[in-house]
Amino acid sequence: MALITSIRRGIMFRSTRTKSGPSTIQEHPKDKKEALGEVLNGDRLVDAPYELNFKDDKNSKILCKKTLSKEQVAKLRDAVAKDYYFQMYYDDLPLWGFLGKLDKDREQGDAKYLLFKHIHFDIMYNNNRVIEINVQTDPNVAVDITEDKEVPVEFSYSVTWKKTDIPFEKRMEKYSKSSSMPQHLEIHWFSIINSCVTVLLLTGFLATILMRVLKNDFIKYSHEDESLEDQEETGWKYIHGDVFRFPQQKSLFAAIIGSGTQLLALAIFIFFLAIVGVFYPYNRGALFTALVVIYALTSGIAGYTATSFYLQLEGTNWVRNLILTGCLFCGPLFMTFCFLNTVAIAYSATAALPFGTIIVIILIWALVTSPLLVLGGIAGKNSNTEFQAPCRTTKYPREIPQLPWYRSTIPQMAMAGFLPFSAIYIELYYIFASIWGHKIYTIYSILFIVFIILIIVTAFVTVALTYFQLAVEDHEWWWRSVLCGGSTGIFVFFYCIYYYHARSDMSGFMQTSFFFGYMTCVCYGFFLMLGTVGFRASLLFVRHIYRSIKCE
């Protein structure tokens with residue numbers, strides 16, 4: 001059974017590996033062949049020289065002897081100061097340990113840098129299966145690397161095997177529990193439930209008010225139809241001839257709806273795989289592999305949705321719309337990747353993708369994503385569905401009355417994004433700590449509940465704001481519903497700025513560019529997905545209320 005290892009920065013940036021480290025028996029360690037998701041995650045694993053034979057105890061076995069040069073001592077000292085740690089895997093079980101220790105003398109104010117030179121492996125087994133493995137480093141067995149001078153080091157390790165009654169099927173529970181932070185799990189659940197209950201109560205309160213107002217509107221308009229048919233109409237009924245007037249920039253609008261629908265389908269499939277247990281703790285790269293594969297396979301959804309909706313809006317150049325749909329999310333993501341990969345290459349970080357992996361991703365895009373996008377577009381073109389509008393659209397649009405400033409687009413977006421964001425902001429910390437820290441997220445049940453609440457609240461808040469917009473005779477609701485629904489993504493981006501400055505220890509150009517580069521793409525995806533949810537909900541609502549009245 002091989003032991004594989006890597007060295008990582010131990011504070012927050014999981015994909016950076018130090019190039020320094022003790023020389024082992026192997027001058028050129030053998031690289032482990034990695035899956036696509038592992039490479040995307042920045043993992044670069046090599047076979048470690050430790051011999052951990054099954055049930056074979058070892059006591060202070062010498063690994064190698066090495067004289068560290070001044071340059072190596074300086075690099076190792078910097079790694080110890082920055083809390084670099086090694087991460088190993090044995091039989092797919094992870095183990096960690098720090099490279100050294102910074103020992104500060106409080107009285108004199110001096111700092112001593114110690115490099116650990118002995119590692120102890122404590123392994124538990126049941127029958128012929130490995131159940132648990134832990135690693136310990138002894139600060140008393142360390143070498144001083146404070147000064148820039150050559151240092152002779154003798155690296156060693158020991159192994160102890162112990163029997164346990166824990167069955168093999170439950171060996172991953174330790175990591176699930178530790179990653180769930182049991183001391184905070186009850187607080188976590190309580191915070192989520194409290195947040196969800198608050199949001200749902202506010203949503204229910206607004207829903208009750210909206211239903212009462214709509215009921216009064218229906219009664220009012222029905223009485224007007226019975227008594228004074230020639231009476232001047234007011235409110236949202238007054239603009240029935242303009243409310244289904246197609247928006248400007250039809251191609252871009254349809255592309256947003258298509259891309260947002262694909263991202264929503266991607267999120268649903270990822271949650272399904274998470275709930276059934278595919279992303280168990282330390283299944284290295286499984287999430288990234290799933291994201292790439294499922295995004296490629298769902299591109300047909302984007303093509304079909306965008307093209308069919310574009311033709312419903314009486315668009316003519318559906319091929320251009322299909323190209324725009326394919327580039328709307330992938331384009332910014334690809335440009336961001338090119339920039340960040342260049343930065344990673346300049347810093348010699350393992351986050352830089354090898355040329356072979358880039359070729360694989362391009363082939364997936366060319367042979368799977370693009371053909372499915374075209375097939376979906378052809379299917380959407382042949383669907384021959386018409387836009388179902390319960391009211392006829394007049395030839396000339398009505399003039400929109402002058403409205404107060406708080407009914408303009410930006411204030412409405414701020415109001416629309418706040419309530420959905422308040423439903424997810426607690427969970428965002430745990431997600432960010434998992435992505436950009438060393439904590440592993442495993443409570444997918446909570447995350448799925450929060451996701452469902454996010455979708456419901458986004459849909460309702462957008463519907464409510466659409467009604468208030470129509471009530472003041474503003475019929476340009478199409479783009480407004482997308483912007484209001486997707487505004488939660490902007491709130492998430494502001495949270496990224498807060499997390500970077502207040503909750504993380506990230507610094508330097510590389511970490512800053514990686515954090516904001518990829519999180520901007522994630523927030524942009526949120527905007528497309530939730531904007532689509534907001535528009536779809538608003539469209540169903542508008543169709544419903546105008547079917548319920550007589551429109552001439």
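The structure is a predicted model, in which local features need pLDDT of at least 70 and side-chain atom pairs count only at pLDDT 80 or more, while totals for chains, interfaces and linings use all residues. Residues are numbered from 1 along each chain as its sequence is written, and side-chain values use heavy atoms, with hydrogens and water left out.

The protein chain contains 14 helices and eleven strands. These are DSSP runs numbered from the N terminus: helices are H or I with at least four residues, strands are E with at least two. Of the 552 residues in the protein chain, 49% are buried. Buried means under 20% relative accessible area, exposed over 50%, and partly exposed in between, for a 1.4 Å probe and protein chains only.

Helix α8, residues 318-328, shows how burial can follow one side of a helix. Its buried residues are Trp 318, Asn 321, Leu 322, Thr 325, Gly 326 and Leu 328. They span an arc of only 165° around the axis, and therefore lie on the same side of α8; the arc is taken from the directions from the helix axis to the C-beta atoms. An α-helix has 3.6 residues a turn, so residues three or four places apart point the same way. Arg 320 and Ile 323, on the other side of α8, are exposed. The cover over the buried residues of α8 includes α5, α7, α9, α10 and α14.

A nonpolar core is a set of buried Ala, Val, Leu, Ile, Met, Phe, Trp, Tyr and Cys residues joined through side-chain atoms within 4.5 Å. In the largest one, of 93 residues, those touching the most other members are Phe 309, Phe 432, Leu 470, Phe 515, Phe 535 and Tyr 546. Helix α12 supplies the largest share of this core, 17 residues. Apart from it lies another core, of 35 residues, including Ile 119 and Val 130.

The whole structure holds 43 aromatic pairs. Rings of Phe, Tyr and Trp (its six-membered ring) pair if their centres lie within 6.5 Å; planes under 30 degrees apart count as stacked, over 60 as edge-to-face and the rest as tilted. Phe 253 and Phe 535 form an edge-to-face pair, 4.9 Å centre to centre with 85° between the planes. This pair joins helix α5 to helix α14, 282 residues apart. Phe 535 counts as buried because its relative accessibility is 0%. The rings of Phe 309 and Phe 535 have centres 5.6 Å apart and planes at 70°, so this pair is edge-to-face.

Notes:
Contact = heavy atoms within 4.5 Å.
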